[in-house]
Amino acid sequence: MDLAQLEVLCKQFYDSSNPEERATAEKALVNFVHVPDCLPTCRLLLERGDSSYAQLLAATTLTKLVSRNPQTLTLQQRIEIKNYVLSYLANCPKLATFVTQALVQLFARLTKIGWFETYKKEHVFRNIITQLSGFLQGSVEYCVIGVQLLSQVTCEINQISEAEANKSLTKQRKTATSFRDTELYEIFQLACDMLRRALENWKTPSFKDEVEHNLMNNLLRLAYNCISFDFIGTSPDESSDDLFTVQIPTSWRPAFLDFNSLQLFFDLYHCLPPGLSSMALLCIVQIASVRRTLFNNEERGKYLAQLVNGIKSILENPQKLSDTSNYHEFCRLLARLKTNYQLGELVRVESYPDTIRLIAKFTVTSLQGYD
């Protein structure tokens, strides 16, 4: 098949409303990953840029190629693909959303698979922030791409694929542990710093366009992916038990002893519109679940006081709780507070009496809503 034929088949496969036409296109494309010149053809499809669906096929096919076990691509080839993906995203920042996401996924898969590999005595798939500095320091459009890449790498390394689940999990845990110890804290700090700057920009009266909204959403998602990382390899299932402790490493203490980190997410909740504000609450739920042993008694008391004050401020301005997502996350926050802190600690917080009255009022109002 020539490139034009491939582009026609891709459009039929991804976009046709005719089931028979889609099935025929799928049958023609299913073996594309196995053809001898698949790698250069994928690059040609991307460079032509005539069809977003063909670009999607190229990106997903490359992801299948790099994921094969045993590896059919050499280390040099995978390094070239990684560099090509970053260059392509830099030169084509306004791709279709699904194409960008597929390329982001490809970069994340390359990073995870090659985490321990070296080229000329250098771990070429590490130092993620340095690799992405050009995106993160660029315009808002480029910054969004950089944050998406960081976020997807964090997700990819944290999750266990079906193929990995059927084999030894040793390499997966070694990769996750190495990433946690060498990259994750720096990524979380970067996310918080960028959120502070984005919040200051958000407070200005200028019009908030879709790109700025997208940046804030991706930054919140990145922060959440960092603090919901499986730090000790337990793979908790939130669907069965929503109440668990976040096992933040001791090396992260500075970020949580600096109470500006917690206050940042409460400020984000109050300033952002529904949709984004629920993402800020999602982060607060995780931060409220930090293991008790991260602090000594005095530090824990101060941390809890700020947490209770933040909850009080939400209840004193309850308008946003009319949003279903905000309401749901706030209820989870109250549950985490009850689970992770003892009553004796809570009653010592200066604002506890006022807060518990507001919580009682919120509870009664919520129950009355079901009458």
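Q: Buried means under 20% relative accessible area, exposed means over 50%, and partly exposed lies in between (1.4 Å probe, protein chains only). Why is Leu 39 called partly exposed?
A: The relative accessibility of Leu 39 is 23%, so Leu 39 counts as partly exposed. That value falls between the cut-offs of 20% and 50%.

Q: What kind of model do these values come from?
A: This is a predicted model, in which local features need pLDDT of at least 70, side-chain atom pairs count only at pLDDT 80 or more, and totals for chains, interfaces and linings use all residues. Residues are numbered from 1 along each chain as its sequence is written, and side-chain values use heavy atoms, with hydrogens and water left out.

Q: What makes a stretch a helix here?
A: A helix is a DSSP run of H or I with at least four residues, a strand is a run of E with at least two, and both are numbered from the N terminus. By this rule the protein has 19 helices and zero strands. Leu 39 lies in one of the helices, α3 (residues 38-48).

Q: What does Leu 39 touch, leaving aside neighbours within four places in sequence?
A: Contact means heavy atoms within 4.5 Å. Leu 39 is in contact with Leu 62, Leu 65, Leu 73, Gln 77 and Ile 81.

Q: Where does UniProt place the domain "Importin N-terminal"?
A: The unreviewed UniProt entry puts it at residues 25-91. UniProt positions follow the numbering used here, feature names are shortened, and annotations may be inferred rather than shown by experiment. Over these residues the chain is 73% helix and 0% strand, with 30 Å between the end C-alpha atoms.

Q: Why is Thr 100 called buried?
A: Thr 100 has a relative accessible area of 9%, so Thr 100 is buried. The residue sits in helix α6 (residues 97-113). Beyond residues up to four places away in sequence, Thr 100 touches Leu 89, Leu 95 and Gln 148.

Q: Why is Lys 120 called exposed?
A: Its relative accessible area is 71%, so Lys 120 is exposed. Lys 120 is found in the loop between α6 and α7 (128-131). Although not a glycine, Lys 120 has a positive phi of about 55 degrees.

Q: Is Asn 127 buried, partly exposed or exposed?
A: Asn 127 counts as partly exposed, because its relative accessibility is 43%. Asn 127 is also in the loop between α6 and α7. Its phi is near 50 degrees, a positive value in a residue other than glycine.

Q: What makes a set of residues a nonpolar core?
A: The set must consist of buried Ala, Val, Leu, Ile, Met, Phe, Trp, Tyr and Cys residues joined through side-chain atoms within 4.5 Å. The largest such core has 121 residues, and Leu 103, Leu 268 and Phe 330 are among those with the most contacts inside it. Helix α11 (residues 170-203) gives the most to this core, with 14 residues.

Q: How many of the residues of the protein count as buried?
A: The buried share is 47% of the 371 residues. Among contacts between residues at least 6 apart in sequence, 73% join residues at least 24 apart.
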